[in-house]
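Subject: Handing over the two-chain model

Hi there,

Here is the structure I promised to pass on to you. Please open it alongside this message, and then read on for what turned up in it.

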Amino acid sequence: MCCALSLVTAGEAATIYPIHRATILAGSLFDLKVEFDGVVQPEKVRVTINGAEYSQALGKTATFVEKEKGVDKSALILRDVSISTPGVYIVTASDGVTTNTISWEVYGTPGPRQARNVILFVGDGFSVAHRTAARILSKGISEGKYNGMLAMDEMPHMALVGTSGVDSVITDSANSMSAYTTGHKSSVNALGVYADRTPDTLDDPKVETITSLVKRKLRMAVGVVTNTEVEDATPAGMVAHTRRRSDYDVIVEQFYQSGVDVLMGGGSASFLPKSVPGSRRKDDQDFIAKFRQAGYSLATTDKEMREAAADPATQKLLGLFHPGNLDTVLDRKFLKKGTVEQFPNQPDLVDEVKAALSVLSRNPNGFVLMVESGLIDKQAHNLDWERAVMDTIMLDNAVAAAKAWAAPRNDTLILVTADHSHGLAIVGTVDDAAKGELMRDKIGVYADAGYPNYPQANAEGYPENLEVSRRLAVFFNNFPDYYETFRPKLDGPFVPAVQSPEKVYVANEKYKSAPGAMLRTGILPRDASQGVHTGEDVILTATGPGSERVMGFMNNTDVFRVMVEALAAGN
Amino acid sequence: MSPAARRALRTACLAAALVATGQAVALEAARISFAELYASVGILGLTFSNKVQGLAGKPVAMRGYMAPPLKPEADFFVMTKEPVSLCPFCQSDADWPADIVVVYLQKGTTLTSNLDPIEVVGTLEVGSRTDARTGFVSLLRIVEAQLRRL
């Protein structure tokens, strides 16, 4: 049915949002927008839903805009509508000359509520190689069998998730997170909206986030916990509606308006009024003061976070531990590099999760908690696989903490997934003792790879030495020009390429003198400074009530459906 | 004026600026470095050092790197502690590091490469200011500045 529906009578037909094949939760809010391919006469415009006038079907009349700003074409916009009855909805839009017909599927959540709480873990850019390497480094492996499993491995349900968006096979963290939090596909850089054609980044047709939905319909608490800036795409996806993920000032305001109960991570610079040195805002709004006035406890250190969470009176918690992104676990716990000297009191993701659970569980109606291990992606972009894998182990520790919390309750759905892949693979081992003039000759493949000799992991699951004599050989399949050093970057996160005076990215000469360093000529466009996201599926594992819906191949939009079905949020 | 003539004039002005920013001028101005800008760096903001507060309105000389111009119409540039291509968080204007200094050059100076270290000599301005043309907010500026490559 789906493919025969686009009927174009002449010229370019109107574009309709939500798009063809959208799956919409019954009762969830969305904006209807019809973009005509020219200036049209309002009296000739006809938009129907299952044959009825849209205004009758949706109970509201749209605004007709004769010439959209910056586009000079007509559009029809209707904000905040919903459809309560599940079924297939055929939508047509005509300007009297051309007609476009699409279909939506509106689904309900017919079963009883299974889960009181939902915890969604997102490893940003967390790919299969990260997972395998984390298992090797954290649990050890001998004679082909692992000496232990990751907490995220030991979950009864698993699926492959497709991550592509409306506009591109390759996604970014904004639109992929948006799919998880709204159930609608979006476009690169967009959050909580369908990307329309106008240049204004805040007028695009919106779809409702899970934060709004569970607060509005179920009075649940919502938590957002990350080790990146809280305005960054993944955490922002819990509340934001913007075409442009870098609208940080707006995103902070949208967090404030959302009523989010726990918000923790970095990015304090966008909370400070512009008059305060260190602020990144372009206005005088003081969101530290606003959150405080709204009853939030404020924590800026690990200790303050623990104290606030332990106080039974704390119902709302704002934790900001860095003006920008927090440091990686390798830098925080082991190397003391990055910005750790400047900001020594950053909490670990595991402790953030424990604090969030303490506060959120005070809401009698349950909670939705999103936890991001966000630097897996930032370090994968930098081609710094060791830092990314250590942050994957941290993600797993956070999952273990959530599983332990949920185990005696059996009322909490836990999902662990990624928002997109990076192009890295485990090729073998690098053996310093191997014969060979060049470092590449020391790469052991097949039988010569054997097993790496990392020390047994410490009590937290981290190997305390990464620069062992026989270490994993992990390589990326896409990169700018860079020097491959075949070693972990113990003096700070890797910066593979720098911009030349000709404005193209060239290999960072800083690494040229590393022993055995080898120039790899990039295969990406020369304006790429880093590795890029890739299009492979990501893995989703799940446990707890409602997790049985996780199976086979799923679109990222289906993950939203798993959560709202477990919560019966469409009733 | 033809583009070529304009270019020639610009080159001449730049040459004059380079001569003017020689040793003699630099000696009159108080030297200040990125490391000396702040008394404290915290989650809830930075506080300016006594040195910065004492030099407000006075001539200073400061070394750093020139970030790529924000917008073509901007008549200022952002000076950073490290080359901006070495700063992974400087990819969009939402992502500037906290410790930047905005430099408004004397008229007629042109900007080219952003890789070489530079020295800027001019008057230090302290306090929030929003650039009228671009909306860029700055807290520390060096105005009426001359610049030379190191």
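This is a predicted model: local features need pLDDT of at least 70, side-chain atom pairs count only at pLDDT 80 or more; totals for chains, interfaces and linings use all residues.

**Layout and contact**

Where the chains meet, chain A supplies 26 residues and chain B supplies 22 residues. On the side of chain A that touches chain B, 12 residues are nonpolar, 11 are polar and 3 are charged.

**The cores**

The largest nonpolar core contains 153 residues, and Phe121(A), Val262(A), Ala356(A), Ala398(A) and Met563(A) have the most contacts inside it. Helix H12 of chain A (residues 385-406) is the biggest giver to this core, with 11 residues. A second, separate core has 31 residues, among them Val52(B), Leu55(B), Val60(B) and Met79(B).

Phe121(A) is worth a look on screen. Apart from neighbours within four places in sequence, Phe121(A) is in contact with Val371(A), Leu395(A), Ala398(A), Val399(A), Leu415(A) and Val416(A).

Helix H13 of chain A (residues 556-567) has 11 of its 12 residues buried, so it is largely enclosed by the rest of the structure. The buried residues of H13(A) include Asp558(A) and Glu565(A) as well as Val559(A), Phe560(A) and Met563(A). After H13(A) comes Ala568(A), with a positive phi near 50°.

Helix H3 of chain A (residues 173-182) is mostly covered too, with 10 of its 10 residues buried. Among them are Ser173(A), Asn175(A), Met177(A) and Tyr180(A). The cover over the buried residues of H3(A) includes strand S10 (117-123), helices H4 (210-218), H5 (233-236) and H11 (375-381), and also H13 of chain A. Just past H3(A), Gly183(A) has a positive phi of about 80°.

**Chain B**

Chain B has 3 helices and 8 strands, and along the sequence they run α-α-β-β-β-α-β-β-β-β-β. Of its 150 residues, 31% count as buried. Taking the contacts in chain B between residues at least 6 apart in sequence, 64% link residues at least 24 apart.

Happy browsing, and do write back with any questions.

Best wishes

Definitions and conventions: Residues are numbered from 1 along each chain as its sequence is written. Chains are lettered from A and ligands numbered from 1 in the order in which they are written. Two residues are in contact if their C-beta atoms, placed from the backbone, lie within 7 Å. Ala, Val, Leu, Ile, Met, Phe, Trp, Tyr, Cys and Pro count as nonpolar, Asp, Glu, Lys and Arg as charged, and the others, Gly among them, as polar. A nonpolar core is a set of buried Ala, Val, Leu, Ile, Met, Phe, Trp, Tyr and Cys residues joined through C-beta atoms within 7 Å. A residue is buried if 20 or more other C-beta atoms lie within 10 Å of its own, exposed if 12 or fewer, and partly exposed in between; C-beta atoms are placed from the backbone. Helices (H or I, at least four residues) and strands (E, at least two) are DSSP runs, numbered from the N terminus.
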